[in-house]
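User: I would like to learn how to read the side-chain features of a helical model with some care. Could we go through them one at a time, with the general idea before the case at hand?

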Amino acid sequence: ENYILTAMLVQIALDTHDEVTTAAAIKQDEFKNRQLTILAGDYFSGLYYSLLSDMKDIYMIRTLATAIKEINEHKIRLYDRSIQDAAHFYKSVATVESALFQRISEHFQLTHWNEIASRFLIYKRFMKQAENDKHLKLFLNDRYTDAYSCFDNFENEGYEKAKRTIKEHLVSSPVVQKELLNRLDHMKNEPAYHQKVEEG
């Protein structure tokens with residue numbers, strides 16, 4: 001339970017810091033909200049460090065630090081638009097979404113989860129935020145005439161790849177397999193997800 005809680009706190013800390021605005025000119029109350037958001041993210045970071053120190057697991061600290069470093073490096077690439085092609089963009093988004101889960105899987109020698117996490121989480125990201133994702137817009141709008149042409153078929157291809165990976169790697173865990181497949185179907189068929197992709 002402590003490992004799960006620690007991983008969740010890391011993800012919450014990362015997600016909270018993602019909410020920090022970067023606008024140069026903001027109102028006083030917005031400035032205060034920005035400061036509070038940063039402090040909240042730092043607070044969650046402090047909580048997971050405290051949990052890990054109580055468990056005295058140096059290897060897990062190193063595992064999480066590696067994941068955080070990797071995620072932040074790829075976030076920087078997305079923000080500064082230094083990525084040169086769609087394949088590298090896809091890789092960076094996949095890393096941001098799944099690196100934490102993958103590094104923890106490797107820590108516990110459950111590497112069959114690496115591909116599952118990557119396929120499932122990248123599909124979830126694009127289905128949920130294809131229209132509004134600032135990283136996607138910043139990158140594609142500046143580099144392609146038809147901004148979303150690279151991902152025209154991603155809804156179906158991403159779904160099929162994620163589904164196939166879940167079926168292949170979770171044969172011995174039918175309950176988990178069924179749950180993930182149900183969630184995958186929900187993402188594909190839920191109007192809120194589908195509408196955002198169509199509008200994008």
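This is a predicted model: local features need pLDDT of at least 70, side-chain atom pairs count only at pLDDT 80 or more; totals for chains, interfaces and linings use all residues.

User: Which residues of H1 are buried, and what covers them?

Analyst: An α-helix has 3.6 residues a turn, so residues three or four places apart point the same way. In H1 the buried residues are Thr 6, Ala 7, Leu 9, Val 10, Ala 13, Leu 14 and Thr 16, and their cover includes H2, H3 and H4.

User: Which residues have the most contacts inside the largest nonpolar core, and which elements give two or more residues to this core?

Analyst: A core of this kind is read as a set of buried nonpolar residues joined through their side chains. The largest one here has 24 residues, and those with the most contacts inside it are Val 10, Tyr 48, Leu 64 and Leu 100. The elements that give two or more residues to this core are H1, helix H2 (28-55), H3, H4 and H5, with H4 giving the most, 7 residues. Tyr 48 shows how such contacts run: leaving aside residues up to four places away in sequence, Tyr 48 touches Thr 6, Leu 9, Val 10, Ala 13 and Ile 68.

User: How many aromatic pairs does a search of the whole structure find, and what is the arrangement of Tyr 3 and Phe 108?

Analyst: The search finds 4 aromatic pairs, and each is read from the distance between ring centres and the angle between ring planes. For Tyr 3 and Phe 108 the centres are 5.2 Å apart and the planes stand at 80°, over the 60 degrees that marks the edge-to-face class, so the pair is edge-to-face. This pair links distant parts of the chain, with Tyr 3 in helix H1 (residues 2-18) and Phe 108 in the loop between helix H4 (86-107) and helix H5 (112-129), 105 residues apart. Tyr 3 is partly exposed, with a relative accessible area of 31%, and Phe 108 is also partly exposed, at 37%.

User: How are the rings of Tyr 123 and Tyr 159 arranged, and are these residues buried or exposed?

Analyst: Their ring centres are 6.1 Å apart and their planes are at 55°, so the pair is tilted. Tyr 123 belongs to helix H5 and Tyr 159 to helix H7 (residues 154-169), 36 residues apart, which makes this another link between distant parts of the chain. Both Tyr 123 and Tyr 159 are buried.

User: Now for charged pairs. How many salt bridges are counted, and where do Arg 103 and Glu 70 lie?

Analyst: Side chains of opposite charge can pair when their charged atoms come close. The count here comes to 6 salt bridges. In one of them, Arg 103 pairs with Glu 70, and their closest N and O atoms are 2.9 Å apart. Arg 103 lies in helix H4 and Glu 70 in helix H3 (residues 58-80), 33 residues apart, and both residues are buried. Glu 70 and Arg 103 are also linked with Glu 106 in a network of salt bridges.

User: What separates Arg 183 and Glu 179 along helix H8?

Analyst: They lie 4 residues apart in helix H8 (residues 174-189), about one turn of the helix, and their salt bridge has its closest N and O atoms 3.0 Å apart. Arg 183 is partly exposed, at 47% relative accessible area, as is Glu 179, at 38%. Glu 115 and Arg 119 also form a salt bridge (3.8 Å, N to O), and these two lie 4 residues apart in helix H5.

User: Finally, what is the phi of Gln 109, and where is this residue found?

Analyst: Phi of Gln 109 is near 55°, a positive value in a residue other than glycine. Gln 109 is found in the loop between H4 and H5 and is exposed, with a relative accessible area of 70%.

Technical notes:
Residues are numbered from 1 along each chain as its sequence is written. Side-chain values use heavy atoms; hydrogens and water are left out. Rings of Phe, Tyr and Trp (its six-membered ring) pair if their centres lie within 6.5 Å; planes under 30 degrees apart count as stacked, over 60 as edge-to-face and the rest as tilted. Buried means under 20% relative accessible area, exposed over 50%, partly exposed in between (1.4 Å probe, protein chains only). A salt bridge is a side-chain nitrogen of Lys or Arg within 4 Å of a carboxyl oxygen of Asp or Glu. A nonpolar core is a set of buried Ala, Val, Leu, Ile, Met, Phe, Trp, Tyr and Cys residues joined through side-chain atoms within 4.5 Å. Contact means heavy atoms within 4.5 Å.
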